[in-house]
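This briefing concerns selected residues of a single structure. Please consult the sequence and the model alongside the notes.

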Amino acid sequence: MARSGMVKMTALDWIVILAGLLAYVSSLLPWYQASITVLGITRTSGVNAWHAEFGAWFSVLLLIAAGVVVLISALGGRLPVARSLITLTLSVLAFITIVVRWATFPDAGDGPGRISIGELGEFDLGQTFTVSSGAGSGLYLGLIAAIAAIAASAITFRESSSADPT
């Protein structure tokens, strides 16, 4: 019985499911990274989505939920609203939370180039000390997953609304 439900799934349904899986994989990669270089020695650290605060892990859960909604519907589960509307809403919310989280990451800039020490004056550190930070590969992968889920859900929603004019 479940097999007959799986046959009804379209390529767009699979895209939403795979976007949820891709979002989970992206959650294990660094979403935020910071690097510091002192006298040529570089240290890098990063945090995954589960440690990058609400906007990161919540967006992953939204994309996973969109994939689960498609699976439940394909297996014959009843949904109170059109499946495509639910997945589109979840995907758009995930995209928005990823972008907001990206915009609110702390920015170390390029680090200090000059330092002033009291009466001793100002010293040019050059490349002796640099700091950088920014989004990691997990965030970009999560963003790609959200965009793919939005596209597939929007196409499905458009097809379902044009087929049913009520």
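The points below are grouped by residue. The model is a predicted one.

**Asn48**

- Asn48 is located in strand β2, which spans residues 41–48.
- Its relative accessible area is 18%, and Asn48 is therefore classed as buried, the cut-off being under 20%.
- The side chain of Asn48 forms a polar contact of 2.9 Å with the side chain of His51.
- The Asn48 side chain also reaches the backbone nitrogen of Trp50, at 3.1 Å.
- Leaving aside residues up to four places away in sequence, Asn48 is in contact with Ser27, Leu28, Leu29, Pro30 and Trp31.

**Glu53**

- Glu53 is found in the loop that connects β2 (41–48) with α3 (54–74).
- Most residues other than glycine have a negative phi.
- Glu53, although not a glycine, has a positive phi of about 75°.
- Glu53 counts as exposed because its relative accessibility is 52%, where exposed requires over 50%.

**Gly67**

- Gly67 belongs to helix α3, the helix covering residues 54–74.
- With a relative accessible area of 6%, Gly67 is buried.
- Gly67 touches Val16 and Ile17, when residues up to four places away in sequence are not counted.
- Between Gly67 and Ala149 the C-alpha to C-alpha distance is 8.8 Å, while 82 residues separate the two in sequence.

Conventions: Residues numbered from 1 in each chain as written. Predicted model: local features only at pLDDT ≥ 70, side-chain atom pairs only at ≥ 80, totals over all residues. Heavy atoms only, no water. Helix = DSSP H or I, 4+ residues; strand = E, 2+ residues; numbered from the N terminus. Buried < 20%, exposed > 50% of the residue type's maximum accessible area, 1.4 Å probe, protein only. Polar contact = N/O pair within 3.5 Å; in protein donor to acceptor, adjacent residues only side chain to side chain. Contact = heavy atoms within 4.5 Å.
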